[in-house]
Structures are given as C-alpha cells and as structure tokens.
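Hi,

Here is the structure I promised to pass on. Have a look at it first, and then read my notes below.

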2 protein chains.
Amino acid sequence: MPLSRLPSPPYYAVIFSSIRTDGDDVAYGAKAAEMSRLAAQQDGYLGEDSTVRDENGMGITVSYWRDEAAIRAWKLQLDHTEARNMGRAKWYQSYTLRVARVERAYDFDRPDGNFQNRDQD
Amino acid sequence: MPLSRLPSPPYYAVIFSSIRTDGDDVAYGAKAAEMSRLAAQQDGYLGEDSTVRDENGMGITVSYWRDEAAIRAWKLQLDHTEARNMGRAKWYQSYTLRVARVERAYDFDRPDGNFQNRDQD
C-alpha cells in the first residue's frame with residue numbers, strides 16, 4: 001500500500017496508537033478490516049495509513065478527514081461504536097486517540113525525486 | 001515501550017509516515033536511533049510513538065511538541081538537517097510529513113479500566 005496522498009491542508013488527522021491484548025487475533029483482524037472499509041465509505045474520509053504491530057502488540061493507525069464534523073459523525077456511527085466497545089472490553093491493553101488539525105504537509109517520492117510542500121499548492 | 005502520555009491539549013504532532021528503500025539497515029537504524037535521542041533533548045519535545053516496519057518497509061513515527069516554534073527549531077537543527085538529507089538521498093522510497101495541532105486527546109488503559117478524556121482535565 002502506498003502512503004496516503006491528500007489534498008493540501010487544512011484537514012484533520014485521527015492518530016490512534018494502541019497496544020493489543022494477547023490472542024483473539026482472527027476476530028480482531030476481521031473487525032479491524034471491516035472498520036477500515038466502513039470508515040472509507042464515510043462522507044469526509046480522505047485516507048488512512050496503518051502499520052503492522054511489533055512484538056509487544058503496538059501499532060499506529062492515522063486516518064484523515066475533511067473536517068471535525070466528519071470525525072464526529074464517524075465516532076457516532078453505530079457499527080463503529082460497537083467495535084470501540086469491543087476494543088475496550090477485550091482487544092486493547094491501552095490506546096491513545098488524538099484529533100489534530102493538519103496545518104502543513106510535505107511529500108517526498110524517490111521515483112521522480114520530488115519533494116513537495118503541500119502548503120504552497 | 002508504553003505509549004506516550006502527554007499533558008492536555010493543545011500541543012503539536014509531527015506525523016511521519018515513510019517507506020524505506022532496501023538495504024543499509026545498520027547505518028539507517030543507528031542514525032534513526034541517534035535522531036530519536038537528539039529529538040528528546042530539544043526544548044519543547046513532549047514524546048514520541050514509533051512502530052516497526054512491515055514487509056514493504058512502511059512505518060509511522062509520531063513525535064509530540066509543545067508548540068510550532070519547537071518543531072521549527074528541531075527542523076533547523078544541524079545534525080537533523082544532515083540526517084534528513086541522507087534520508088532523501090538514500091534511505092526513503094517515499095514519505096509524508098504532516099504538522100498538526102492536537103485539539104482533543106483520549107487515553108484508555110486496561111490495568112485500571114480507565115478511559116480518560118484529556119480535554120476535561
């Protein structure tokens with residue numbers, strides 16, 4: 001998967017850093033994939049970058065959104081709320097979730113050697 | 001490593017998503033570790049969460065800073081500038097770097113079952 005390439009700022013990021021509990025990987029993986037698909041269908045969704053987990057179960061997912069209203073609507077979406085409750089009840093040892101307004105963005109790509117300052121678009 | 005626990009917002013996040021080129025892992029790893037140590041010594045540094053890379057070399061590092069002035073000072077720091085140049089010349093296939101103002105934050109911890117809304121501190 002290439003990195004998310006987005007329109008010029010401003011837009012919003014949801015930075016979700018988490019540590020999994022042990023086990024239940026199949027059910028967790030299925031639900032996580034379902035939530036990614038569902039998020040991508042929401043109005044105002046711009047993209048997502050997500051990592052694998054290390055041996056301690058730590059990983060980061062950053063999703064990008066047009067505005068705060070889109071993030072709020074996704075937060076209240078019913079299936080997502082149920083998944084979040086499962087996460088707290090069972091799947092996560094700990095997590096931090098941060099909502100942030102992206103103000104500047106830069107891209108680098110080796111194929112064309114381009115460095116882009118997205119602020120100056 | 002536990003997840004970074006920070007003071008209440010507002011503060012700033014630098015979201016760095018990258019895909020490594022193949023090879024040169026020892027030199028890259030040493031420089032990346034050195035840059036993490038150096039960042040942590042800068043005025044205004046609050047913390048960092050960083051993942052392992054997947055089979056495609058993709059990983060995410062999010063560092064947290066008191067304000068934009070601290071991020072600007074770190075950007076201009078000489079050793080960091082040299083490392084960034086090496087990154088573009090050799091180590092990264094592509095990357096995106098985003099500077100974002102964290103407006104809301106939530107923590108969850110299983111040991112005490114606590115869910116904290118950091119906005120309401």
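What share of the 121 residues in chain A is buried? Buried residues come to 26% of chain A, where buried means that 20 or more other C-beta atoms lie within 10 Å of the residue's own, exposed means 12 or fewer, and partly exposed is in between, with C-beta atoms placed from the backbone.

Some housekeeping before the rest. This is a predicted model, in which local features need pLDDT of at least 70 and side-chain atom pairs count only at pLDDT 80 or more, while totals for chains, interfaces and linings use all residues. Residues are numbered from 1 along each chain as its sequence is written, and chains are lettered from A and ligands numbered from 1 in the order in which they are written.

**The chain**

Chain A has three helices and five strands, in the order β-α-β-β-α-α-β-β from the N terminus. These elements are DSSP runs numbered from the N terminus (helices are H or I with at least four residues, strands are E with at least two). The C-alpha trace of chain A spans about 45 × 35 × 20 Å along its principal axes. Among the contacts in chain A with a separation of 6 or more, 73% are between residues 24 or more positions apart; a contact here means C-beta atoms, placed from the backbone, within 7 Å.

**How the two copies meet**

Chain A superposes on chain B through a rotation of 180 degrees with 0.0 Å of shift along the axis, at an RMSD of 0.0 Å. That is the relation of a two-fold axis.

At the interface, 34 residues of chain A are in contact with 34 residues of chain B. On the chain A side, S1 (11-20), S3 (58-65) and S4 (92-109) each give two or more residues, and S4(A) gives the most, with 18. By class, this side has 18 nonpolar, six polar and 10 charged residues. For the classes, Ala, Val, Leu, Ile, Met, Phe, Trp, Tyr, Cys and Pro count as nonpolar, Asp, Glu, Lys and Arg as charged, and the others, Gly among them, as polar. The copies meet through the same surface, because 100% of the interface residues of chain A are also interface residues in chain B.

S4(A) also pairs with S4 of chain B (residues 92-109), antiparallel and over 15 bridges; strands count as paired if DSSP finds at least two bridges between them. One of the bridge partners is B:Asp109 in S4(B), which goes with A:Ser94.

**The cores**

Where do the nonpolar residues gather? The largest nonpolar core has 26 residues, and those with the most contacts inside it are A:Tyr12, A:Ala13, A:Ala100, B:Tyr12, B:Ala13 and B:Ala100. A core here is a set of buried Ala, Val, Leu, Ile, Met, Phe, Trp, Tyr and Cys residues joined through C-beta atoms within 7 Å. Leaving out residues up to four places away in sequence, A:Ala100 touches residues of both chains, including A:Ile15, B:Arg101 and B:Val102. A second, separate core of six residues includes A:Phe108, B:Ile19, B:Tyr92 and B:Tyr95.

**Inside chain B**

All eight residues of S3(B) are buried. B:Met58, B:Ile60, B:Val62 and B:Tyr64 point one way, and B:Gly59, B:Thr61, B:Ser63 and B:Trp65 the other. S3(B) runs antiparallel to S1(B), joined by eight bridges, with B:Val14 partnered by B:Ser63. S3(B) also pairs antiparallel with S2 of chain B (residues 45-50) over five bridges, where B:Tyr45 stands opposite B:Trp65.

H1(B) is another matter: one of its 16 residues is buried, so it lies largely in the open.

**Backbone points to check**

The peptide bond from A:Pro9 to A:Pro10 is cis, with omega near 5 degrees, and A:Pro10 lies in the segment before S1 of chain A. In chain B, the bond from B:Pro9 to B:Pro10 is cis too, with omega near 10 degrees.

A:Asp24, in the loop between S1 and H1 of chain A, has a positive phi near 60 degrees without being a glycine. A:Asp24 counts as partly exposed because it has 13 C-beta neighbours inside 10 Å.

Cheers

Notes:
Copies are superposed by least squares on the C-alpha atoms of residues with pLDDT of at least 70 in both. Two residues are in contact if their C-beta atoms, placed from the backbone, lie within 7 Å.
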